[in-house]
Amino acid sequence: MTQARTIADFVSGTTTITGNPTFSGTVAGAGSMELISTLTYSTPAATIDYDNLSTDYDSLQFYFNMHSSTDGVRFFCRFLDSSGAQITAANSYGFCTTTDNSVSSADDDNLMALTASTIGSDTHEGARGTLNLLGRNYFVATDSVPPTICGFIQGHYQSNVYSGGPFYGGLNSSSVQTIRGIRFGVSSGNIEKAKIHLFGVRCT
């Protein structure tokens with residue numbers, strides 16, 4: 001096939017590639033979602049941090065599967081500030097999470113809740129979900145809405161009850177600041193194990 005024919009077929013959308021082609025390099029001028037990491041956590045820990053998130057991505061997406069070591073707990077997250085410390089002031093965040101049409105929300109809190117406080121610790125209990133982080137590169141002087149999260153979570157809650165729902169949250173206007181990461185946590189005990197895929201949306 002000639003180079004001219006290949007280009008013409010790509011433009012018209014008729015090219016079929018067979019076999020196992022290998023691609024290298026990057027595509028310039030087009031946005032894309034890229035897999036940044038896949039991490040498995042098998043050692044119990046109170047929190048999981050994603051610090052120094054690449055500034056190549058202003059929007060990131062986490063796909064997670066987490067299991068707690070304690071019954072009747074809540075998964076939550078907090079942003080990490082420009083020095084890597086978690087933002088914990090009492091009025092830092094607003095959030096809303098819905099579990100089977102039951103709403104939990106706050107306008108001034110020290111965390112952003114992802115679930116109700118009924119996550120169980122049995123073998124097959126826990127939560128799967130997606131979390132979008134918007135505003136990794138937020139700049140106080142020029143940007144409007146500060147960093148936010150939104151997503152959906154579902155799983156087997158305490159007593160193996162299947163539950164779930166959407167959530168959203170973000171920094172309050174009283175706590176506007178630059179962030180560089182996010183921390184996942186649990187209200188009591190540890191995150192016993194987890195697997196998290198992190199993607200970034202490259203816009204340049």
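1. Let's start with Asp49, which is partly exposed because its relative accessible area is 34%. On this scale, buried means under 20% relative accessible area, exposed means over 50%, and partly exposed lies in between (1.4 Å probe, protein chains only).

2. A word on the source before going on. This is a predicted model, in which local features need pLDDT of at least 70 and side-chain atom pairs count only at pLDDT 80 or more, while totals for chains, interfaces and linings use all residues. Residues are numbered from 1 along each chain as its sequence is written, and side-chain values use heavy atoms, with hydrogens and water left out.

3. Now to the partner of Asp49. The side chains of Asp49 and Arg183 meet in a salt bridge, at 2.6 Å from N to O. Arg183 belongs to strand β11 (residues 179–186) and Asp49 to strand β2 (residues 47–50), so this pair ties together parts that are 134 residues apart in sequence. Strands here are DSSP runs of E with at least two residues, numbered from the N terminus. Arg183 counts as buried because its relative accessible area is 17%. A salt bridge means a side-chain nitrogen of Lys or Arg within 4 Å of a carboxyl oxygen of Asp or Glu.

4. How many salt bridges does the structure hold? There are four. As background, side chains of opposite charge can pair when their charged atoms come close.

5. Arg180 is worth a look in your viewer. Arg180 forms a salt bridge with Asp51, and their closest N and O atoms are 2.7 Å apart. This pair links distant parts of the chain, with Arg180 in strand β11 and Asp51 in the loop between β2 and β3, 129 residues apart. Asp51 is partly exposed, with a relative accessible area of 32%. Leaving aside residues up to four places away in sequence, Arg180 also touches others, including Tyr50, Asn52, Leu80 and Arg136; touching means heavy atoms within 4.5 Å.

6. Arg202 and Glu34 make another pair, with their closest N and O atoms 2.7 Å apart. Arg202 is partly exposed at 24% relative accessibility, and Glu34 is partly exposed at 22%. Together with Asp56, these two residues are linked in a network of salt bridges.

7. What is the strand order of the open sheet? Its eight strands run β1-β12-β3-β8-β9-β10-β5-β6, with antiparallel pairing. The edge strands, β1 (32–41) and β6 (102–109), each pair on one side only. Two strands pair if DSSP finds at least two bridges between them. Within the sheet, β3 (residues 57–68) and β12 (residues 191–202) pair in the antiparallel sense over eleven bridges. Ser59 has Val201 in β12 as its bridge partner.

8. Finally, is Leu171 buried or exposed? At 7% relative accessibility, Leu171 counts as buried. Leu171 sits in strand β10 (residues 161–171). Among the residues that Leu171 touches, not counting those up to four places away in sequence, are Phe79, Ile87, Tyr93, Pro146 and Ile179. From C-alpha to C-alpha, Leu171 and Asp109 are 9.7 Å apart in space and 62 residues apart in sequence.

Technical notes
Helix = DSSP H or I, 4+ residues; strand = E, 2+ residues; numbered from the N terminus.
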